[in-house]
Number of protein chains: 2
Amino acid sequence: MDAKSAPATQSIPQRDLANAIRALAMDAVEAAKSGHPGMPMGMADVATVLFQRHLKFDAAQPDWPDRDRFVLSAGHGSMLIYALLHLTGYPEMTLEELKNFRQWGSKTAGHPEFGHAPGIETTTGPLGQGLANAVGMALAERILNARFGDDLVDHHTYVIAGDGCLMEGISHEAISLAGHLKLNKLIVLFDDNGISIDGAVSLSCSDDQLARFAASGWATARVDGHDPEAVSAAIEAAKKSDRPSLIACRTVIGYGAPNKAGSSSSHGSPLGKDEIAGAREKLGWSHAPFDIPAPIRAAWAEIGRRGTSAAAAWAKRLESNAQKAEFTRVMAGELPANFAEVVGDLKSAIAKDAPKIATRQSSQLALDSLVPAMPELIGGSADLTGSNNTKAKTAKPVQAGAYGGSYIYYGIREHGMAAAMNGMALHGGIIPFGGTFLVFTDYCRPAIRLSALMKQRVVYVMTHDSIGLGEDGPTHQPVEHLAALRAIPNLLVFRPCDTMETAECWALALSNKERPSVLALTRQALPLLRADAASANHCARGAYVIRPTQKERKVTLLATGSEVEIAVEAQKQLEEKGIGTAVVSMPSWELFEEQSAAYMQEVLGSGLRVAVEAAASFGWERYIGSDGIFIGMKGFGASAPIADLYKNFGITPAAIVQAVTAKL
Amino acid sequence: MDAKSAPATQSIPQRDLANAIRALAMDAVEAAKSGHPGMPMGMADVATVLFQRHLKFDAAQPDWPDRDRFVLSAGHGSMLIYALLHLTGYPEMTLEELKNFRQWGSKTAGHPEFGHAPGIETTTGPLGQGLANAVGMALAERILNARFGDDLVDHHTYVIAGDGCLMEGISHEAISLAGHLKLNKLIVLFDDNGISIDGAVSLSCSDDQLARFAASGWATARVDGHDPEAVSAAIEAAKKSDRPSLIACRTVIGYGAPNKAGSSSSHGSPLGKDEIAGAREKLGWSHAPFDIPAPIRAAWAEIGRRGTSAAAAWAKRLESNAQKAEFTRVMAGELPANFAEVVGDLKSAIAKDAPKIATRQSSQLALDSLVPAMPELIGGSADLTGSNNTKAKTAKPVQAGAYGGSYIYYGIREHGMAAAMNGMALHGGIIPFGGTFLVFTDYCRPAIRLSALMKQRVVYVMTHDSIGLGEDGPTHQPVEHLAALRAIPNLLVFRPCDTMETAECWALALSNKERPSVLALTRQALPLLRADAASANHCARGAYVIRPTQKERKVTLLATGSEVEIAVEAQKQLEEKGIGTAVVSMPSWELFEEQSAAYMQEVLGSGLRVAVEAAASFGWERYIGSDGIFIGMKGFGASAPIADLYKNFGITPAAIVQAVTAKL
């Protein structure tokens with residue numbers, strides 16, 4: 001599998017192999033009347049060298065756990081990966097799909113979409129994300145290697161990134177983290193073509209990228225991206241490095257296009273009929289659109305089979321490996337057999353101890369039970385470990401050269417953390433969770449969105465979830481964030497009201513294989529409102545009556561998290577006034593929306609509905625209707641002790657009672 | 001004003017001046033029982049040198065336009081700036097305020113809040129933002145210098161940043177942009193204390209910060225942050241540099257605290273009584289809490305008057321400057337006298353030409369009128385100039401060493417762009433606008449939030465605002481973004497439906513001095529739906545009946561942007577079926593919410609309400625009620641040509657008609 005073993009495909013000139021990619025890219029973009037031909041044409045040589053000589057893969061087994069990961073971070077160049085998958089013989093990536101590039105229902109979306117076809121390791125397009133995903137993949141590889149050994153886990157992660165990826169802020173977080181952790185099996189091929197959409201990169205950027213990566217502890221090299229031997233030698237050297245590697249590949253964007261090569265005009269639009277004809281001539285590629293001559297096709301197919309024997313040898317090793325069952329389980333993303341038992345024991349202990357603690361501490365309690373039972377749970381925090389309560393008692397840190405721990409000090413890198421967690425989840429074998437303050441979901445929102453879009457089980461532990469954090473003030477107090485997160489499709493947003501609900505929400509987050517979760521947790525202590533450990537997971541229905549009324553139900557108080565306690569106190573006062581009041585805890589709107597209409601109606605009640613949440617009202621009209629009452633925030637928060645904030649912003653039992661009695 | 005002029009305050013040892021800061025920080029945090037003493041104590045020496053010898057300011061005139069800007073990017077160290085403002089005699093920053101640190105209603109919030117007191121140049125706390133704001137301020141200085149000359153504009157921007165600021169991704173975008181633009185009057189003092197919340201910085205970061213900044217074109221130096229002469233000499237050298245400067249100041253966090261200095265335990269909590277007593281002893285500071293001896297107080301007051309004569313000389317120069325009126329106008333943020341006329345002419349031209357163009361192109365039309373009339377309008381794009389249509393015909397680029405243009409190639413740096421725009425707006429003299437795709441509001445969301453929190457007039461030109469962008473697919477198609485933006489307090493979100501509304505929304509964005517705006521604009525062409533140029537600005541009411549019914553009104557279609565055209569077509573079909581239907585265009589929910597209840601009721605109608613928006617329904621229940629209909633997106637988008645997307649996602653006149661007739 002090293003560069004020295006002469007590939008049988010040497011009978012076909014490397015140039016022809018690369019030109020097959022170029023032609024497919026030009027033709028597919030032209031057929032779609034939209035797309036990005038410049039990048040695939042520029043990086044065709046580099047990608048050919050990678051697939052032909054270095055990438056460990058077997059096209060027939062795209063899910064081989066020990067394959068090298070290939071991430072096209074510059075996702076707009078999607079035709080590059082589609083062409084590679086097609087030519088090497090990956091399942092599902094037929095010529096028909098290439099001809100249907102960017103059409104409704106095709107697997108060949110404008111940007112590579114994870115789940116559309118085997119071989120697409122992650123969804124890319126929002127720049128910089130793929131690079132940061134790859135850091136997570138490379139980290140997952142090291143963590144699993146420490147757990148399962150070289151026999152089962154020993155592979156590289158390759159990234160193709162462009163100037164856009166490297167200009168994005170997330171790239172700094174990603175490369176800094178990778179350098180710190182010495183992820184030496186991460187190799188980035190930088191498409192150094194000097195062109196961005198607005199024109200020459202020099203119009204907006206003067207960074208010395210090699211020096212920049214070196215400053216973060218990377219090995220760096222610069223090569224001519226159209227010189228296969230130079231590219232291959234650089235990759236070979238990178239594989240031997242003790243640090244992550246950047247290989248800046250000087251390329252010509254739109255390589256081969258007679259007039260548009262080397263200019264931004266080849267970046268994001270079809271080349272046009274004449275330019276394509278000119279490119280065919282210049283490249284010496286006389287074949288019709290989408291036509292790949294049999295010998296070239298055969299050579300690429302052979303490349304697709306390069307890893308067959310290595311995969312077979314690996315499968316043999318797995319068979320005889322003592323950890324086979326456990327490896328298979330975690331790679332399949334299955335929960336351990338005793339998961340329900342662990343959660344049950346946790347709930348019993350909670351019911352018994354009735355702790356009055358912040359839900360961030362409740363989360364720590366849950367982790368103290370779950371982490372020892374689930375070695376695949378890899379936690380961390382963006383430099384708020386003590387505040388987020390993300391480090392389970394038994395968790396040891398993951399460090400450069402010592403990857404056997406289960407806790408990552410992500411540093412002050414929320415966005416990089418979130419995107420790395422996506423990469424770990426995509427890699428498989430790991431369920432990542434990571435913490436910061438809820439307000440800083442804004443800092444990692446693009447990656448949270450991708451967790452949801454890619455259906456990845458990533459758990460965001462977001463503490464200090466309201467004005468309840470107190471003195472740090474409006475910059476740190478989330479107000480609109482619950483609404484903004486609830487608006488993201490496929491994301492579960494949990495806001496538990498006590499330790500019991502927190503345990504249940506953790507269980508739900510881990511049980512939902514195809515959804516990411518946000519746990520919104522308090523800084524402040526909350527009493528235990530439920531001690532019914534033996535009952536089913538109430539949070540699974542999203543919302544439920546936590547305190548029924550003994551009278552005729554006139555009012556329903558809908559609350560989440562820390563405001564459930566306030567609603568319960570208001571209920572008491574209202575009932576004393578003879579007003580039948582039920583309290584509903586709504587830890588997850590998303591799960592509630594999936595219940596039957598009858599159940600929803602039963603929970604919401606037919607009387608006056610009052611929502612209580614120390615956040616913006618945005619979205620609550622769905623449940624309180626036009627006649628309901630909202631008790632919460634009207635604008636940004638303020639810096640003061642918690643009691644003053646709740647009082648001054650009018651989120652108190654008295655305010656609820658007053659609003660209700662004024663309305664009835 | 002240079003370092004050589006011996007300050008009269010030399011009679012007081014520099015150490016005592018710095019200790020006054022340390023004592024106030026310790027005491028205020030202790031009194032508040034919350035806060036961050038470590039940073040102010042560590043950086044007291046550096047800050048003292050800066051204020052005593054370099055910073056150009058006059059405490060009595062905090063708004064002096066040509067003052068140096070001082071940005072505390074590491075905003076958690078807020079007591080540093082509060083102590084400095086108090087000691088130098090800024091108005092409003094009384095000792096009482098310091099004693100009320102972090103209390104309800106005080107000016108001394110947990111993090112520095114712009115607008116709370118003179119001398120706070122920007123709101124900081126979310127890490128990295130201040131650094132990026134400062135890039136915008138330094139850029140604003142150069143742009144205004146090019147316009148008004150050295151006599152009126154010639155000042156530095158100083159930043160104190162910590163490890164957190166430098167680990168955040170936004171720092172990369174900020175330093176890369178500053179280096180590229182050679183903003184040599186930007187000087188960053190890095191509090192290089194080696195400590196973050198989780199412990200030693202070495203736990204999570206191994207970056208060579210000096211090498212990293214150098215790679216982005218900065219001058220760099222490292223000094224002992226407790227050696228005043230070394231710090232001063234480094235600042236002096238930085239002032240002479242032709243590049244922005246980083247001065248890494250090696251400091252001891254919590255300097256003076258006998259046990260907690262140099263450890264993360266001094267970072268974010270009160271030191272405690274005993275530790276404070278020990279620090280007083282160690283520092284040789286025997287004075288009572290909040291007690292500053294008269295000689296030290298006098299020395300600091302003298303520092304506060306250092307700039308008095310320079311400010312007076314400046315005022316004299318302004319008096320005799322030919323551009324006085326214009327300079328005064330733009331610094332006051334007033335629109336030009338002919339603003340209404342320019343907008344009126346634009347609207348007349350639109351009515352006459354009736355263009356069928358994308359609203360991003362409509363925005364370009366507006367800019368082609370507005371930019372020549374408003375030299376303070378400084379535009380740009382995050383490498384999507386041609387797609388965002390942000391470059392007015394007459395706009396010339398701002399480049400390193402040639403700052404006289406009005407257009408900034410921000411590069412692929414959405415977050416850095418947004419935060420720099422905040423800095424430009426805060427600096428004054430500039431109304432910044434910048435573009436990217438609407439989906440990438442996620443990439444700059446923390447800065448958008450701060451625009452809103454700080455009440456800054458920043459205009460976000462966000463194009464490709466729905467699935468209507470077509471083939472680029474779900475990663476590029478905003479779905480939840482309108483909701484997520486509407487949830488942010490004080491932010492105006494505009495989604496105009498045609499060229500006329502786009503002109504009106506631009507006029508509103510520019511007229512609202514204390515609110516940022518997002519303009520959500522289409523990629524696809526839209527017909528002109530209104531040709532009533534002479535009328536008032538309809539968009540000013542947020543929503544209005546754009547197509548009344550001639551029959552009895554049974555149905556109201558509420559739509560925004562590109563979906564108004566669809567609603568108008570649906571109206572036609574419904575009216576043909578005898579169903580009286582009005583169409584409401586809702587370009588801004590926020591402005592609509594400010595109208596009278598009667599007007600709102602009149603617009604919304606009493607019949608069936610149907611919302612039509614190619615986005616998530618989240619929030620629309622406010623207007624359609626529990627019985628209304630929503631026509632829009634239920635999940636993420638897809639990659640396909642626009643017509644296929646609208647058809648397959650059921651956002652068509654036929655779908656509206658079907659839903660309405662099924663309901664009635």
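Contact here means heavy atoms within 4.5 Å. The model is predicted.

Helix α14 of chain B spans residues 339-353. Its 15 residues reach 21 Å from the first C-alpha to the last, close to the 21 Å expected at 1.5 Å a residue. Six residues of α14(B) are buried: B:Phe339, B:Val342, B:Val343, B:Leu346, B:Lys347 and B:Ile350. They lie on the same side of α14(B), because they cover an arc of only 130° around the axis. An α-helix has 3.6 residues a turn, so residues three or four places apart point the same way. The other side of α14(B) carries exposed residues, namely B:Ala340, B:Glu341 and B:Lys352. Just after the helix, B:Ala354 adopts a positive phi of about 45°.

In chain A, attention turns to strand β18. This strand comprises residues 581-585 and is mostly covered, with 5 of its 5 residues buried. In a regular strand the side chains alternate between the two faces of the sheet. In β18(A), A:Thr581, A:Val583 and A:Ser585 point one way. A:Ala582 and A:Val584 point the other way. Residues of both sets are buried.

Strand β18(A) pairs with two strands of chain A, β16 and β17. With β16 (residues 544-547), the pairing is antiparallel and extends over 3 bridges. Here A:Val545 stands opposite A:Val584 of β18(A). With β17 (residues 555-559), the strands run parallel and are joined by 5 bridges. A:Ala559 has A:Ser585 of β18(A) as its bridge partner. Between β17(A) and β18(A), the chain passes through helix α21 (residues 562-576). This β-α-β crossover is right-handed.

The relation between the two chains was examined next. Two copies of a chain are related by a rotation about an axis and a shift along it. For chain B laid on chain A, the turn is 180° and the shift along the axis is 0.0 Å. The RMSD of this superposition is 0.0 Å. Such a relation is that of a two-fold axis. The same surface serves both copies, as 100% of the contact residues of chain B recur in chain A.

Conventions
Residues numbered from 1 in each chain as written. Chains lettered and ligands numbered in written order. Predicted model: local features only at pLDDT ≥ 70, side-chain atom pairs only at ≥ 80, totals over all residues. Heavy atoms only, no water. Helix = DSSP H or I, 4+ residues; strand = E, 2+ residues; numbered from the N terminus. Expected span 1.5 Å × (residues − 1). Buried < 20%, exposed > 50% of the residue type's maximum accessible area, 1.4 Å probe, protein only. Arc of directions from axis to C-beta. Pairing = 2+ DSSP bridges. Right-handed = clockwise from strand over helix to strand, strands pointing away. Least-squares fit on C-alpha atoms with pLDDT ≥ 70 in both.
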